[in-house]
Amino acid sequence: AAEVVNSIKVYPRAIQFYDWTLTRFPNSKQAAQALFMKGFTLDDGMKKKNLAKPVYEEFLRKYPKNDFADDTKFLLDNINKSDEEIIKQFTDFSFKLHNLGVNFLDHSPGNTLIKQVTPNKYEFYLIDLNRMKFEEMSIEDRMFNLRRMWMSKRMIKEIAKHYAILSNEPYEKLYGLLLQYSKEFKKKKLRKKYLKKKFLKR
């Protein structure tokens, strides 16, 4: 329910729902997800980074081995950096990798290190390079490769817009592909997390 409210940008209502879940069901399987989504909504949706930071820190203290721990650490490490500039330069970095035929199978927040070298310049480094293929990549392959970055719709729009300029591909096509692949990945990850907890309870 909160995700639906979030998707139509009624962010305060989403925060209320996450807080209700955390208060009523603090030890449930939904609590970790609610805490992560609360931080992400404050950070990316409402731009209240000063409020998002302690939520991310609380998440890492409570759930250091959770499936969302890498995503949370990535978001926390980059919380005070310029979103627009990071997204643009990350897209440049990914486009160069794709043009070189580098298909990094774990292209996710936990495996991407961002280093700020000047106020407006960032460098990106890949971690855990053992899962890498070298192959020609179609535009579908390229968008599929970016699905693990746990992006909001705003981030997807910005990446698709800049990738369209770099690749001469239609923005609408890239946005549609990236949105579809990102949604499918999130759904699969959340479903896998749910089944894992359900199985461990037996």
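This is a predicted model: local features need pLDDT of at least 70, side-chain atom pairs count only at pLDDT 80 or more; totals for chains, interfaces and linings use all residues.
Student: What joins Asp43 and Lys49?

Tutor: A salt bridge. Look for a side-chain nitrogen of Lys or Arg within 4 Å of a carboxyl oxygen of Asp or Glu. Here the closest N and O atoms of Asp43 and Lys49 are 2.7 Å apart.

Student: How many salt bridges are there in the whole structure?

Tutor: A search finds 12. Another one pairs Arg154 with Asp44, at 2.8 Å from N to O. Arg154 sits in helix 8 (residues 153-167) and Asp44 in helix 3, so this pair ties together parts that are 110 residues apart in sequence. Check their surroundings as well. Asp44 counts as buried, at 9% relative accessibility. Arg154 is partly exposed, with a relative accessible area of 25%.

Student: Where do Lys88 and Asp92 lie?

Tutor: In helix 6 (residues 83-99). They are 4 residues apart there, which means about one helical turn separates them. Lys88 is partly exposed, at 37% relative accessible area. As for networks, salt bridges with shared partners join Asp44, Glu84 and Arg154 into one.

Student: Which residues of helix 2 are buried?

Tutor: Tyr11, Ala14, Ile15, Tyr18 and Thr21. Now look down the axis of helix 2. The buried residues fall within an arc of 125°, so they line one face of the helix. On the other side, Arg13, Gln16, Thr23 and Arg24 are exposed.

Student: How many residues does helix 2 have?

Tutor: It has 14. To judge a helix, compare its span with the expected one. Helix 2 reaches 20 Å from first C-alpha to last, close to the 20 Å expected at 1.5 Å a residue.

Student: Which residues make the nonpolar surface patch of about 290 Å²?

Tutor: Phe17, Trp20 and Phe25. Phe25 is in the loop between helix 2 (11-24) and helix 3 (29-45). Its relative accessible area is 37%, so Phe25 is partly exposed.

Student: Where is Asn66?

Tutor: In the loop between helix 4 (49-62) and helix 5 (69-77). Asn66 counts as buried, at 13% relative accessibility. Its side chain reaches the backbone nitrogen of Phe68 at 2.8 Å.

Student: How many helices and strands are in the protein chain?

Tutor: There are 9 helices and 4 strands. Of the chain's 202 residues, 45% count as buried.

Terms used:
Residues are numbered from 1 along each chain as its sequence is written. Side-chain values use heavy atoms; hydrogens and water are left out. Patches are made of residues with over 30% relative accessible area and no salt bridge: like charges are joined within 9 Å, nonpolar side chains (Val, Leu, Ile, Met, Phe, Trp, Tyr) within 5 Å. Accessible areas come from the Shrake-Rupley method with a 1.4 Å probe; for residues, only the protein chains shown count as cover. Helices (H or I, at least four residues) and strands (E, at least two) are DSSP runs, numbered from the N terminus. Buried means under 20% relative accessible area, exposed over 50%, partly exposed in between (1.4 Å probe, protein chains only). A polar contact is a pair of N or O atoms within 3.5 Å; within protein, one must be able to donate a hydrogen and the other to accept it, and residues adjacent in sequence count only if both atoms are side-chain atoms. The expected span of a helix is 1.5 Å times one less than its number of residues. The arc is that of the directions from the helix axis to the C-beta atoms.
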